[in-house]
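Subject: A structure for you to explore

Hi there,

Here is the structure I promised to pass on to you. Please open it beside this email and follow along as you read.

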Amino acid sequence: MAFSILQSVELDRSYADSLKQQFGLTLTENANGWHLAWQHGALVLRHSELPKQGDIVVDFAGGAASYRRQHGGGKSEAIAKACGLQKKRDVTVLDATAGLGRDAFVLASLGASVTLVERNPAVAALLYDGLRRGAQTAELSWLAERMQLLHCSALQALTTHAAVDVVYLDPMFPPRDKTALVKKEMRAFHDVVGSDIDADALLVPALQLAQKRVVVKRPGYAEYLAGVKPTMEVGGKNNRFDVYINAAM
């Protein structure tokens, strides 16, 4: 799927050109369907025919991300325990399926150095813009140092990146057996990103790259990735983290 940026007088032309070059986007005067737009100084993802969908934006400095950083469980959070951050602070993490970067931000806020990998050009552009704005916030002065973005496939990153302590995988959740309305944002992600049909193929290269452990985020109803039982499981509020340990932290 090709993605475009809706032209705006408020969007700096040099910045637009940079986004086009890095993520293979095009500029357009009339957007149809899913597209990127410039709203209040931020890049957003929206649908031309679904106004009630609402804009999707990466905002590390405010909203839910800021609240979780300030009032979350810190190193006692399930994701922190799963990635070994309660034992070691300066952990290197490759988040091979970064999405909107929320889990990566939690890990980075706790001291980890995280490489975010995102193959979808529109989502990668949202991440890039979110990192740009976040780094301009005084309270997130550490963000540029601890969060780096790679626009490529997870498999490419797993087979070419330098070794890291932890590989984190959060593939698109398999469909539920029960019928239920999916959150608007998740529905949008299914439309824009599609299914991670190659998710099972990521486990072996992840285990080869990770020096300490691989952590796979799964909903409670999902089977183990590639059918491989983890070393241990860490339970979260709405999901679980399957941990495959290669070595002690």
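Predicted model: local features only at pLDDT ≥ 70, side-chain atom pairs only at ≥ 80, totals over all residues.

Helices (H or I, at least four residues) and strands (E, at least two) are DSSP runs, numbered from the N terminus. With that in hand, you can find 9 helices and 11 strands in the chain.

Residues are numbered from 1 along each chain as its sequence is written, and side-chain values use heavy atoms, with hydrogens and water left out.

**The whole chain**

The score pLDDT is the predictor's confidence in each residue, from 0 to 100. Its mean over the chain is 88, and 89% of the residues reach 70 or more. Residues 177-182 are a stretch to treat with care: pLDDT stays under 50 there. For that stretch the model has 1 contact (heavy atoms within 4.5 Å) beyond four places in sequence.

Of the 249 residues, 48% count as buried; buried means under 20% relative accessible area, exposed over 50%, and partly exposed in between (1.4 Å probe, protein chains only). If you take the contacts between residues at least 6 apart in sequence, 66% of them join residues at least 24 apart.

**Two helices that pack together**

Two packed helices are described by the angle between their axes and the distance between the axes. Axes are lines fitted to C-alpha atoms, for helices over the stretch in contact, and angles run from 0 to 180 degrees between N-to-C directions. Helix α1 (residues 13-23) packs against helix α5 (residues 121-135) at about 135°, and their axes are 10 Å apart. The two are therefore oblique to each other (under 35 degrees is roughly parallel, over 145 roughly antiparallel, 65 to 115 roughly perpendicular, and the rest oblique).

Which residues make the contact? From α1 come Tyr15, Ser18, Leu19, Gln22 and Phe23, and from α5 come Pro121, Ala124, Ala125, Tyr128, Asp129 and Arg132. They divide into 7 nonpolar, 2 polar and 2 charged, where Ala, Val, Leu, Ile, Met, Phe, Trp, Tyr, Cys and Pro count as nonpolar, Asp, Glu, Lys and Arg as charged, and the others, Gly among them, as polar.

**Buried places**

Helix α4 (residues 102-109) has 6 of its 8 residues buried, so it is largely enclosed by the rest of the structure. The buried ones are Asp103, Ala104, Phe105, Val106, Leu107 and Ala108. After α4 comes glycine 111, with a positive phi near 115°.

Now look at threonine 115 in strand β6 (residues 113-117). Is threonine 115 buried or exposed? It is buried, at a relative accessible area of 14%. Leaving out residues up to four places away in sequence, threonine 115 touches Val93, Leu94, Asp95, Gln148, Leu150 and His161.

**Out towards the solvent side**

Histidine 40 sits in the loop between β3 (34-39) and β4 (42-47). Its phi is positive, about 50°, although it is not a glycine, and at 72% relative accessibility histidine 40 counts as exposed. Alanine 226, in the loop between β9 (210-219) and β10 (232-235), also is not a glycine and has a positive phi of about 60°. Alanine 226 is partly exposed, at 38%.

Finally, glutamine 208 belongs to helix α9 (residues 203-209) and is exposed, with 65% relative accessibility. Glutamine 208 and asparagine 246 are 38 residues apart in sequence, and 9.1 Å apart in space from C-alpha to C-alpha.

Enjoy exploring!
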